[in-house]
Structure formats: structure tokens, C-alpha cells
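I opened the notebook to look up a few helices, strands and charged pairs. The entries follow the order in which I checked them.

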Amino acid sequence: MVVRVPAERFEDVPNFDYEPQYVDVGELRMAYVETGGSADGDEAEETFLCLHGEPTWSFLYRKMMPTLAERGRVVVPDLIGCGRSDRYEDRDEYSVEMHYDALKTFVEELDLTNITLVCQDWGGVLGLPLATHEPERFARLVPMNTGVPNGSQEMSDRWHEFAEMVATAEDLDIGRLVRNGCYRDLSEDVVDAYRAPFPDERYMAAARTFPGLVPTSPDDPGAELFDETRERLGEWEKPAFVLFAKEDPITSHDRDPLRHHIPTATEQPDVWIDEAAHFLQEDAGEEIAEHIVDFVDRTPLSE
């Protein structure tokens, strides 16, 4: 069964006055917000595609969007099962393939090009495969606190505990999950904004299933796609800027291997975001947006 979050759940979301728009991706609607861009829709303009991860939504990018919008078009979708996007009630409907196909359809339906991919957590797990499989649409990569898990990677005991908790907790508090993943304290209205897409358990299937979709064996679903992605990232020739938070216990150890795997990444400044944890967009969104604009300015689109 497909469920849709009531619009009134988002009425009190602070500092996020963007009108939601929707793209049909099969039987579901994927929601997104957009800002910036030229009035005439110049095909050569810069486009920032900002992808969130588990268990957040486009609201996560609100501190970055104004700065990015001064430089180009900013498109920020909600992954299926998150934010204002439709969701399946049945956990078995969720898979790497479903999420990837939905994102692929979204990008193709909007015909996005000249994309600078800004991605964190599952936004990178899904976005990096899309960029490497449709490179003609993508100009640059900005992976943040993310990776490409092909089943050969070691997952920490802490990660396994987190995945088990998310899947089985009787009362899963999404707001508390996000708060615990930040370096800085969050106000209660911001925490409530992360709870908004989840009125009750019927709406939580995506949040419950994301960790379990990470391949932990090369034979798991999705592992082949991610293995191909790793190979293609190892041959990536366009600009890439790996930008991780220093205080993220989940992904910080993945930063240097990723930075040295993408051939062009070491051409960019060696930057860590200090005083920021897993949800670095919350902790240091304005600073990160400035870094990304500087990156775009020093790597202009080829004529």
C-alpha cells in the first residue's frame, strides 16, 4: 500500500518556505524543492543536486540552499519514503534497486544536466552510482559523509547496533536520531521538523529499512551496482571534492580511502569540516556551501 504524508504535518517547519513540487517515478510521487537558477532556464547553467540520507529529508539542506542559489539552480528531492515523498507501507517493497530507479527517473524526468552532485549518507550511496552510470549529466561530485558499500567493507559493531535498533525499536524517534547525529544542539522546532514526515509507524518503513539495505556481503542485493560504481569512480576524470565532518564516528574513516580512490579528488584542497558530525549540513551548512561554491568557481564548466 502507498501512503502519503498529510500536508499539514509540514505547516510548522521552520525556515523552509519552499513550495514542494512533485515528479512521478512509477506509481509514487517524489517530492522536491527548488530555488535559484536563471529565469530563462539556460541549459548551460550550474545545477546543484542535493541528496539527503537516512532518516532526513530536503529540510536538511536549508542552511546551504541560499548560498548555492546565488551560483546556480538548486534541486533538493526527498528520497522515496522520506519527507513529502510517497512511501510504501510494506517494508518488503524497499530495495537498493527501487531507490536507485526512483532517483534515476527523477533526474531524467527533470532532464537535469551540468549537475554538481552534493550528497551525504544514502544520498551518496544512491547518487554516486547514478553519476558514474550517467556521467554526461554530471559535472562534479561532492561526496560528504558517505561511501559505496559493495559488501567487501568492514561494518563496525556500532553500525550493526544502529541497524538493529532502527529495524526493531518499538518506538523509533526520528528526531532523536537526527539530534544524536549532530555535533551542535538542535532546537526543539528543528527536531520536530525531522519528525514531521513520520506521523506514525505506517510511514516509517523507509527509515526502518535503509540500514538493512547496505550490502554486507558481495552476494547481497545492490552489491554488484556498488562494485561497478567503485570501478567507475576509480576512473572518474571530472572534478571531485570530498568533504567530510571530523566528528562523524560513522563515516570519518571512509574519507581518506574515498578521496584517494577518485583520481581528481586529491587535486582539491584537503579539507575537514570541524565541529560537525554525521549530519554536517545541520552543524555547518553555511560553511559547507561556501566551500562548494569556491569549488565550482575553480572548476568552471568546459565550453
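This is a predicted model: local features need pLDDT of at least 70, side-chain atom pairs count only at pLDDT 80 or more; totals for chains, interfaces and linings use all residues.

Residues are numbered from 1 along each chain as its sequence is written, and side-chain values use heavy atoms, with hydrogens and water left out.

**Entry: helix α4**

My helices (H or I, at least four residues) and strands (E, at least two) are DSSP runs, numbered from the N terminus. I call a residue buried under 20% relative accessible area, exposed over 50%, and partly exposed in between (1.4 Å probe, protein chains only).

I looked up which residues of α4 are buried: Trp159, Ala163 and Val166. Seen down the helix axis, they fall within an arc of 70°, so they line one face of α4. The arc is that of the directions from the helix axis to the C-beta atoms. An α-helix has 3.6 residues a turn, so residues three or four places apart point the same way. On the face turned away from the buried side I found the exposed residues Asp157, Arg158, Glu161 and Thr168. The cover over the buried residues includes α5 (174–180) and α7 (205–209); contact here means heavy atoms within 4.5 Å.

β7 (residues 115–120) and β8 pair in the parallel sense over six bridges. I count two strands as paired if DSSP finds at least two bridges between them. Ile115 stands opposite Phe138 in β8. From β7 the chain crosses through α3 (residues 122–133) to β8, and this β-α-β crossover is right-handed. That term applies if, with the strands pointing away from the viewer, the path from the first strand over the helix to the second runs clockwise. Seven of the seven residues of β8 (residues 138–144) are buried, so the strand is largely enclosed by the rest of the structure.

**Entry: salt bridges**

I counted a salt bridge where a side-chain nitrogen of Lys or Arg is within 4 Å of a carboxyl oxygen of Asp or Glu. The structure holds 22 of them.

Glu282 pairs with Arg62 at 2.6 Å, N to O. This pair links distant parts of the chain: Glu282 is in helix α10 (residues 280–298), and Arg62 is in the loop between β4 (47–51) and α1 (65–69), 220 residues apart. Glu282 is buried at 3% relative accessible area, and Arg62 is buried at 9%.

Lys63 also meets Glu282 in a salt bridge, at 3.6 Å, N to O. Lys63 lies in the loop between β4 and α1 and Glu282 in α10, so the pair ties together parts 219 residues apart in sequence. Lys63 is partly exposed, at 27%.

I then checked Arg255 and Asp270, which meet at 2.4 Å, N to O. Arg255 is buried at 2%, whereas Asp270 is exposed at 52%. I also noted a salt-bridge network of Asp173, Arg179, Asp185, Glu188, Asp192 and Arg195.

**Entry: Leu68**

Leu68 is in helix α1. Its relative accessible area is 0%, and I list Leu68 as buried. Leaving out residues up to four places away in sequence, Leu68 touches Phe48, Cys50, Val74, Ala289, Ile292 and Val293.
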